Amino acid sequence: MSTTIAAPSDTSGQSGRGAGTEEALRPHAEDAFAGELAALAAQDDRPRPARWRLSPWAVATYLLGGTLPDGTVISPKYVGPRRTVEVAVTTLASDRALLLLGVPGTAKTWVSEHLAAAVSGDSTLLVQGTAGTPEEAIRYGWNYARLLAHGPSRDALVPSPVMRAMADGMTARVEELTRIPADVQDTLITILSEKTLPIPELGQEAQAVRGFNLIATANDRDRGVNDLSSALRRRFNTVVLPLPATAEAEVDIVARRVEQMGRALELPPMPDGIDEIRRVVTVFRELRDGVTADGRTKVKSPSGTLSTAEAISVVTNGLALAAHFGDGVLRSGDVAAGILGAVVRDPAADRLVWQEYLEAVVRERAGWKDFYRACREVSA
């Protein structure tokens, strides 16, 4: 007969987080936005689910941004449909896990991290999914020195991030779920349906405490890699994160993230780069959609995704070029090489798509002569 034990927390007594967060190149969400989270908690008088740091309303406000009664401004972390965020937050307050689905670059990981930070105050209980992710990454492993010396015991057990979340009533994260082999994915079925993790080696089981839930992310483009079984998919409430609805919304997202990343990289403020950001976003959207913004000209789409995340990368790299090898002003020449690298993934087919777009669209567009020349130069 098996006995029930609480899932062990981190046996080292440490959270696993590094010291000196002020020096971190990319601080965790709960560290980078600690002031906003504290301000929300101080003024949040709405009901909170068990072990949640904030109420669902406050979690949504943290994600979407707003101004608190005391004048504190909460910056938006996600620019998109409010209802999408509300459904995601509500799911975490239920007994169903949350699956964030979308094409690459739709901020699934970003949203997942900020949800965990706002709900549990810790976004680091993370399993990164790859083709080589073992079952132990989701269940538990063993300290082999103790295992060989004393045999299977609770002290020899090494809990996974999911198991630690079960023990502490926190939110675990699984990134790129569909990249994980199907038999390893199915390890989650009992955890999500029974809220229990069997430990057959000890004749015991670990039960989740109230507050535990799980956020997984998956790419639309990964369909057919390791599709979720119907049994596992039923355990999730799926929320699709769409691409930005309008060009202006995407420009706003790119500008905000580039500003944040520029500060982290200690790059000088960008005095006037919004025109180049708008050009990058326009190029990506037109090639992605297969038609120009005015709807008059059809264009071929390259093999890459040309996501918002890639646009942020192109502009951030351009800002670094302008800062270190230019006059500090973001210009067409600073983003041209990055755009070429993002568009031309298949050297044969994508280069033809790019050349055709340059000559048929960019060359004829008023005010884009410098951009055309810079792109032609790096494409030669």
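Q: What are the ground rules here?
A: The model is predicted: local features need pLDDT of at least 70, side-chain atom pairs count only at pLDDT 80 or more, and totals for chains, interfaces and linings use all residues. Residues are numbered from 1 along each chain as its sequence is written, and side-chain values use heavy atoms, with hydrogens and water left out.

Q: How many cavities of 30 Å³ or more?
A: One. A cavity is a set of points, on a 1 Å grid over the protein atoms alone, where a 1.4 Å probe fits but cannot get out.

Q: What volume does the largest cavity have?
A: About 30 Å³. Volume is the space filled by probe spheres set on the points, which are joined across faces, edges and corners.

Q: Which residues line the largest cavity?
A: Thr-84, Val-85, Ala-88, Val-111, Leu-115, Val-239 and Leu-241. Lining residues have an atom within 4 Å of a point.

Q: Which helix gives the most to that lining?
A: α4, with three residues. α4 (82-92) and α5 (108-120) each supply at least two. Helices are DSSP runs (H or I, at least four residues), numbered from the N terminus.

Q: Where is Asn-213 found?
A: In strand β11 (residues 213-219). A strand is a DSSP run of E, at least two residues.

Q: What lies 3.2 Å from a polar atom of its side chain?
A: The backbone oxygen of Leu-92.

Terms used
On a 1 Å grid over the protein atoms alone, a cavity is a set of points where a 1.4 Å probe fits but cannot get out, and a pocket is an open set with protein on both sides within 12 Å along at least five of seven lines; lining residues have an atom within 4 Å of a point. A polar contact is a pair of N or O atoms within 3.5 Å; within protein, one must be able to donate a hydrogen and the other to accept it, and residues adjacent in sequence count only if both atoms are side-chain atoms.
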